[in-house]
Amino acid sequence: MSAADPSTTSQSEIAYGKLYEAIRKGLFLPGDRVRETDVAQKLGLSRTPVRDALRRLEAEGIVEHRPRLGAVIRKLAQSEIVELYEMRIVLERTAAELAAKHATEAEIDEFADLNDAILAAEQNPAEAARLNAILHRSIYRAGRNRFLLESSRALNNALMLLGPTTLDDPERIREVHAQHAAIIDNLRKRDQVAAGQAAVAHINTSLRHRLKALRG
């Protein structure tokens, strides 16, 4: 058997990266059909690497195939959303506790700067959501635990399936800023228990907003 064509492999990786990022940014939403031709045209790619990317996304649980519809961005049921947030609580508590132990002062300063940037973006929900994701990832990395990081990466795929951000108005963004500030304050104090508790309170609030959004 001949080796795989490096150019094909490269194009497949490019297609995967572009499609993954498009889903993360909300260009394709949960429940949307994902036609190869449409994606190829939208992302400036040929159909073969797009097909490979869709297969990979299906294996990762982001895309599913439905009869008579084809590829569709997976949409989580309410019970799955609750389960996802239960897992987030476990991981975010652990990340905050470990960050309280291992984060450097420079890292904690960066957390505070990111949090202030979130508040400054209160009129731009997409930017606030982007900065929010960076802040949470940074806290995970500050925990200095590779297995926790791997678990968080797996969770991120499911988080993309939640749909539009709940950071959709200035009041909500101010609430998130205050809760982040409580976490960061406890990281500075090196209070692992309090940092973990603040993280749990933050994720529980996020779940309440998510369920409220589902009710419309």
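**Labels and their cut-offs**

Author: Start with Arg210: leaving aside neighbours within four places in sequence, Arg210 is in contact with Ile81, Tyr85, Leu162, Gly163, Pro164, Thr165 and Thr166. Contact means heavy atoms within 4.5 Å. The model is predicted, so local features need pLDDT of at least 70 and side-chain atom pairs count only at pLDDT 80 or more, while totals for chains, interfaces and linings use all residues. Residues are numbered from 1 along each chain as its sequence is written, and side-chain values use heavy atoms, with hydrogens and water left out.

Reader: Where does Arg210 sit, and what makes it a charged residue without a salt bridge?

Author: Arg210 is part of helix α9 (residues 192–215); helices here are DSSP runs of H or I with at least four residues, and strands are runs of E with at least two, numbered from the N terminus. A salt bridge needs a side-chain nitrogen of Lys or Arg within 4 Å of a carboxyl oxygen of Asp or Glu.

Reader: Why are Glu13 and Arg56 called partly exposed?

Author: Buried means under 20% relative accessible area, exposed means over 50%, and partly exposed is in between (1.4 Å probe, protein chains only). Glu13 has 45%, so it falls in the middle class. Arg56, at 33%, lands there too.

Reader: And how do you know that Glu36 and Arg47 form a salt bridge?

Author: Their closest N and O atoms are 3.4 Å apart, which is inside the salt-bridge limit, so they qualify. Glu36 in helix α2 (residues 36–43) and Arg47 in helix α3 are 11 residues apart, and they link distant parts of the chain. Arg47 is partly exposed, at 43%.

Reader: What about Arg88 and Glu92: buried or exposed?

Author: Both fall under the buried cut-off: Arg88 has 10% relative accessibility, and Glu92 has 9%. Their side chains meet in a salt bridge, 3.4 Å from N to O. Both lie in helix α4 (residues 78–102), four residues apart, about one turn of the helix. An α-helix has 3.6 residues a turn, so residues three or four places apart point the same way.

Reader: What makes helix α8 close to its expected span?

Author: Helix α8 (residues 170–188) has 19 residues and reaches 27 Å from its first C-alpha to its last. The expected span is 1.5 Å times one less than the number of residues, and for α8 that comes to 27 Å. Its buried residues, including Ile173, Val176 and Leu187, pack against α4, α5 (105–120), α6 (125–142) and α9. At the start of α8, a side-chain oxygen of Asp169 comes within 3.0 Å of the backbone nitrogen of Glu171. Just after α8, Arg190 takes a positive phi of about 60°.

Reader: Last one: why are β1 and β2 called a pair?

Author: Strands pair if DSSP finds at least two bridges between them. Strand β1 (residues 63–66) and strand β2 (residues 70–73) have four, in the antiparallel sense, so they pass. Arg66 has Gly70 as its bridge partner in β2. The hairpin has three residues between the strands, and there Arg68 takes a positive phi near 70°.

Key. A polar contact is a pair of N or O atoms within 3.5 Å; within protein, one must be able to donate a hydrogen and the other to accept it, and residues adjacent in sequence count only if both atoms are side-chain atoms.
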